Amino acid sequence: MKEFAYQRATAVHDALESVAENNTKFLAGGTNLVDLMKRGVETPARLIDVRALPLNGISEARNGDLVIGATTTNSETAAHPEIRRRYPALSQAVLAGASGQLRNMATTAGNLLQRTRCAYFADLASACNKRVPGSGCAAVEGEHHNHAILGTSPSCVATNPSDMAVAMMLFDAVVRYETLTGKGEIPIARFFRPVGDTPNVETTLPTGALITSVTLPRRAEGRRSRYRKVRERASYAFANVSVAADLTVRLGKVREVRIALGGVASHPWRARIAEERLLGGPATPERFRAAAEAELAAATPLPHNGYKVPLARNLVQAVLTDLTRQE
Amino acid sequence: MTTRRQVLKGMGLGAAAVSAPIAGTAEAAPSEAIGSSWTRIEGKDKLRGRARYTADIPVEGMAHGALVTSTITRGLISGIDASATLASPGVIGVLDHRNAPRLNPQAGSPFFGPDGQFLLLQNDVIEHGGWPVALVVAETPEQARAGAERLRVSYVEQPHDIGFSAGHPLLRPALPSFGPDANKGDLDAELAQSAVTVDERYFTPPESACAMEPHAATVWLENGKIRAYDTNQAPFGVAQVLSVLFDKPLTDVRVEAEQLGGGFGGKTGVGPQLILATMAAMIFSRPVRVALTREEVFLTTSARAATEQRVRLGVDRDGRLRAIGHEAAFELSVKAEYIENCVEVAKVLYAADAIRTRINVVPLHILPPNSLRAPGTAPGSFALESAMDELAERLRIDPLDLRRRNEPEVGPVSGHPFTSRNFLRCVEEGARRFGWAGRDHRPRQRREGHLLIGTGMAGTSFLTTAFPSSATITAEPDGTFTVAIAAMDIGTGARTALTAISADVLRVDRSRIRLRIGDSALGPAWGAGGSLGTTSWSWAISSAAEELLTKLESKPSLPVSVTSDTTNEIFSLPPRERHAYSAIFAEVAVDPATGEVRVRRLVGRFAVGRVVNPLMVRSQLVGGMIMGLSMALHEQVVRDEVTGRQVNADFAGYHFAANADVPFIDADVVADYEPDNPLGLKGPGEIGTVAVAAAVANAVWHATGKRQRRLPITLDRVIEG
Amino acid sequence: MTDATRSEISLKVNGKTHRLNVDNRRSLLDALREDTKHAGPKKGCDFGQCGACTVLLDGKRVVSCLTLAVAADGSQVTTVEGLAADDDLRPVQEAFLRLDGFQCGFCTPGQLCSAVGVLAEHRAGWPSAVTSDVSPDHRCRLDAEEVRERMSGNLCRCGAYPSIVRAVLDAAEREEVKR
């Protein structure tokens with residue numbers, strides 16, 4: 001690891017001024033950044049620790065939205081009564097990620113900004129367009145058993161490893177931030193950039209911005225939603241495919257449906273094609289399956305990750321079917 | 001034998017200890033300690049964080065070494081630019097092939113010959129990815145690592161070959177050190193006359209030992225002598241090899257460890273950490289610690305070889321085996337010989353008119369394979385016992401009946417008598433405990449909601465013997481006995497077991513035993529490997545105790561010491577079939593929509609000789625079974641075919657079972673006693689791992705109707721459209 | 001190395017305050033092991049993938065290998081050495097001993113700190129990934145399945161998991177009785 005300076009920020013404005021300096025990064029839980037610094041993937045000259053900033057905690061806004069502070073730990077998010085009551089899929093998603101120890105460290109903003117776990121990204125000796133633009137992608141010809149099938153480009157087939165972000169995609173969360181020029185917000189659907197030929201630029205967050213909170217739009221109590229994650233071991237592993245879904249059925253017809261997929265793309269994948277197919281139609285397993293197939297028609301699997309297509313389809317079907325049973 | 005078995009009947013774990021006659025002595029020893037479930041002697045230290053592992057022990061003035069490993073798989077080092085490294089804060093120096101001490105290329109293993117993996121930093125040649133090319137030594141670990149990151153190594157790449165298959169043109173026979181191929185009867189003729197046959201191929205991937213403690217060594221020189229704390233399973237054997245490598249007399253090398261954080265074969269021999277730390281201590285005249293990173297443990301130590309195995313079985317309509325053919329191929333490095341003896345079980349477990357085994361290797365540009373818990377038998381039994389299940393399927397009989405009908409009277413290949421054979425007892429007791437009776441043997445018959453449920457079984461033999469060792473016992477003036485032997489406790493409970501054994505053979509309370517282990521200076525001794533640590537060490541201890549007790553009869557002035565050497569006794573054992581046995585039963589739940597496989601129940605019954613400490617033996621058996629479960633479902637070293645390098649060299653990429661993957665496990669022993677061991681012992685250390693993968697794979701077939709002939713059984717291999 | 005890359009920090013480890021001058025790169029794990037001489041926490045992977053380095057940081061279980069020492073400045077740390085008074089064993093430690101919840105012992109310091117964290121998290125009503133209903137109105141019982149999931153951030157290669165689960169349940173029961 002390269003030597004670096006460290007500062008603990010006590011005011012947001014100071015933090016923003018500090019980070020404007022060359023090669024400075026914000027540090028929160030450190031579970032991803034410190035990892036990447038140890039590997040030499042990240043080489044900041046200075047870290048600004050933002051955990052002492054007043055960005056911690058979960059509160060309800062006047063309009064009923066729920067606001068999760070940027071430095072709220074994943075554990076706090078998952079355990080919060082209002083999250084569990086109104087956004088159970090978010091609680092489940094967070095709990096499905098990492099381990100108890102890591103969730104006690106990792107923060108909301110850090111989780112949103114975490115980098116891919118593609119082994120070639122983490123290995124300085126490998127070609128990786130995300131790490132070194134223009135160097136190539138070792139995964140396409142190499143090991144890609146757990147890589148993306150949707151929205152990929154020839155330049156990158158890495159997946160986003162976050163479970164939390166999949167549920168936030170489901171709930172149409174809004175990311176709020178501050179820069180030296182003011183405050184801003186980005187709906188999560190626009191927060192992650194498509195891969196294109198710049199996989200190194202992952203989000204639409206302005207340079208030098210500090211995420212201050214994530215807002216979950218108002219939602220009635222007791223509404224069902226569900227997150228299910230399939231992985232290579234029963235716990236403490238990244239997703240092969242995960243599904244977050246939210247379904248309202250009245251008189252056998254789909255009144256509202258939202259579906260988000262994890263482990264299939266460079267960002268949490270909102271399955272809007274499937275949602276459109278289902279809306280207003282009968283809530284049957286066959287229809288769920290067909291809708292998932294429609295979503296996955298655009299899949300571009302590689303030689304070793306083709307299993308993700310039937311897995312994602314089956315999982316969407318299973319989770320939606322499960323939600324109809326709970327109704 | 002029958003009498004002895006009857007005497008020992010009921011000696012299950014948790015049952016009271018049974019006094020057994022000790023071979024070679026006229027009288028029976030009191031057996032109060034052996035058979036008692038004492039908790040671990042060092043337990044409280046481990047639970048308070050006070051037990052000291054190699055990297056916990058500071059040495060005054062110690063510097064830290066960090067490795068630089070090759071980023072290419074094959075080629076030559078064309079240049080090393082150390083300028084940035086040497087300018088990096090705290091860096092003391094760089095060791096590479098231009099300035100490293102020369103090593104003796106004859107150093108190696110008695111079984112496999114000279115070992116090229118030891119010859120670190122001797123030339124510019126790279127023959128596998130991750131090969132250490134330099135060591136950067138600095139004042140602190142962070143400075144050493146930063147210095148290593150700044151070293152610029154350039155290479156000239158050459159084409160590599162890591163593509164293992166049994167059809168590879170370089171395929172050749174393995175060394176015959178573990179015995180000749182079996183060539184009993186005429187395999188082809190028997191297969192031709194068989195009513196039902198199986199001819200299938202099975203594949204197992206490279207796997208890594210993954211002891212939780214990464215390899216580490218701290219080395220310093222004391223009056224020209226090499227002193228080392230090192231993570232290894234065999235301090236004497238390691239000191240011996242180190243002395244050859246550095247051309248020192250054995251008396252000038254001393255290797256010690258207090259606690260070892262697991263080995264599982266990965267710390268069997270001399271690791272790169274010890275060689276590099278020794279070199280650095282010599283060149284920089286400082287004590288040097290080299291603690292491998294987790295990635296380096298994967299890249300530079302060893303792995304279990306990938307295997308491809310063809311099993312042919314032929315059987316009469318009534319289930320009597322006519323033919324067993326087991327041809328195994330495994331991958332080898334170009335640096336050293338090794339034998340992944342997959343065919344051991346095929347020579348022992350079942351009677352057949354014809355038995356033919358072959359074992360071949362393909363040398364490739366890969367990390368040299370070496371022992372991993374139950375070498376040979378773990379992948380070998382997966383193939384053989386999967387094939388047996390396929391045979392039962394084709395015969396439409398109970399897999400248990402297939403075993404019952406093929407129990408041999410004598411060694412099926414050797415013709416030698418068995419010393420104690422309790423395989424069917426394991427099968428029957430396991431089946432009873434598991435509730436096997438009444439199983440519908442047809443696949444895909446049980447459902448629970450969306451889950452498919454299946455059960456499967458498999459069994460194995462596991463060679464047991466003892467290796468020559470020496471122990472020194474001193475009767476102290478204060479009435480205590482110091483028992484010294486170069487054993488290692490790698491987590492097995494050796495300290496506790498050897499203390500109990502010492503107490504019994506000396507016929508004193510265990511409070512009077514002072515056990516010293518973990519030090520090469522204590523004399524020649526076998527290591528913690530091959531499930532033969534306790535069998536070998538206890539033999540040396542009981543031998544010394546016997547002589548000491550005789551000496552003490554004349555009331556000599558104390559202290560009095562006796563040193564034993566079991567070489568002659570062990571080498572004069574008659575040729576007989578000595579094995580431990582097991583039967584494993586598994587129940588799995590499979591979600592066909594996702595391919596997820598969960599092991600819901602595991603039952604194992606074991607014939608592992610007399611049980612020294614039921615609590616710890618059960619822990620070892622359970623732990624072994626968990627490693628088998630993990631091998632079945634999770635583990636594989638993945639190499640990039642283009643670059644030749646391991647892609648998943650960390651615990652996020654190389655999965656082994658986490659807590660959530662493991663159910664409560666029912667492991668127990670059946671009454672058993674090894675007459676060719678003075679204390680009746682066999683080794684329980686590895687057998688737990690064997691046969692589990694086949695039992696799980698057979699259960700997955702039973703659940704789904706689809707055979708799993710390739711490990712691990714990952715979800716993509718199970719998912720249904 | 002310039003001064004900007006080192007920091008003066010204060011750590012309260014098992015009740016005792018240590019003032020240290022650390023390289024900013026130093027992990028909390030290395031600071032504990034090398035500077036404050038607490039070798040209990042172990043370096044099994046150094047990347048948060050095994051849990052052997054688990055300690056309680058201000059009462060919460062964390063992996064000390066991914067925690068920078070400088071970022072822990074001013075914190076209270078409990079390592080395995082501080083789980084019980086000198087010659088005592090805490091109930092969970094005693095259960096590990098009695099039920100043989102360890103073999104080589106290398107992962108054990110992390111398992112124990114994690115177990116203490118798990119018991120506290122459960123007492124606080126936190127759900128887990130296997131909790132059937134995460135609703136705050138649903139009280140989740142700590143059974144074997146829950147313990148397995150909650151302890152899954154601590155790998156054990158010896159395969160002591162079943163005994164670890166029993167030991168944690170045993171300790172939970174005794175705590176319950178005590179309260």
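Start by selecting residues 1-221 of chain A: the end C-alpha atoms of this span lie 47 Å apart, and 29% of the span is helix and 17% strand. (Helices are DSSP runs of H or I with at least four residues, strands are DSSP runs of E with at least two, and both are numbered from the N terminus.) UniProt, in an unreviewed entry, lists residues 1-221 of chain A as "domain: FAD-binding PCMH-type"; UniProt positions are given here in the numbering used for this model, feature names are shortened, and annotations may be inferred rather than shown by experiment.

Some ground rules before moving on. This is a predicted model, where local features need pLDDT of at least 70 and side-chain atom pairs count only at pLDDT 80 or more, while totals for chains, interfaces and linings use all residues. Residues are numbered from 1 along each chain as its sequence is written, chains are lettered from A and ligands numbered from 1 in the order in which they are written, and side-chain values use heavy atoms, leaving out hydrogens and water.

Stay in chain A and colour the open sheet of 5 strands, which runs β4-β5-β8-β6-β7 with antiparallel pairing. (Two strands pair if DSSP finds at least two bridges between them.) At the edges sit β4 (58-60) and β7 (182-187) of chain A, each pairing on one side only. From one strand to the next, the twist averages 25°. Now zoom in on β6 (residues 174-179) of chain A, which pairs with β7(A) in the antiparallel sense over 6 bridges. Which residue of β7(A) stands opposite Arg176(A)? Pick Glu185(A) and you have it.

Next, hop to chain B and select residues 48-159. The unreviewed UniProt entry annotates this stretch as "domain: Aldehyde oxidase/xanthine dehydrogenase a/b hammerhead". It is 13% helix and 35% strand, with its end C-alpha atoms 52 Å apart. While you are there, click Leu121(B), in the loop between β5 (113-114) and β6 (125-126) of chain B: Leu121(B) is not a glycine, yet has a positive phi of about 55°.

Two cis peptide bonds come next. One joins Leu558(B) and Pro559(B), with omega about 0°; Pro559(B) lies in the loop between α13 (533-552) and β24 (560-563) of chain B. Another runs from Leu711(B) to Pro712(B), with omega near -10°, and Pro712(B) lies in the segment after α16 of chain B.

Now show α9 (residues 377-395) and α16 (residues 692-704) of chain B, whose axes come within 8 Å and cross at roughly 35°. (Axes are lines fitted to C-alpha atoms, for helices over the stretch in contact, and angles run from 0 to 180 degrees between N-to-C directions.) Among the residues that meet here are Phe382(B) in α9(B) and Trp701(B) in α16(B); contact means heavy atoms within 4.5 Å.

Last stop: the interfaces. Interface size is often given as the accessible area lost when the parts come together. (Buried area is the accessible area, with a 1.4 Å probe, that two parts lose on being put together, summed over both.)

- **B with C:** 56 residues of chain B are in contact with 49 residues of chain C. They bury about 4,400 Å², with 57% from carbon and sulfur atoms. In chain B, Leu47(B), Asn659(B) and Phe664(B) lose the most area to chain C, together 19% of what that side buries.
- **B with A:** this contact takes 31 residues from chain B and 33 residues from chain A. The buried area is about 2,400 Å², with 53% from carbon and sulfur atoms. Select Val647(B), His655(B) and Leu715(B), which supply 20% of the area chain B buries against chain A, more than any other three residues.
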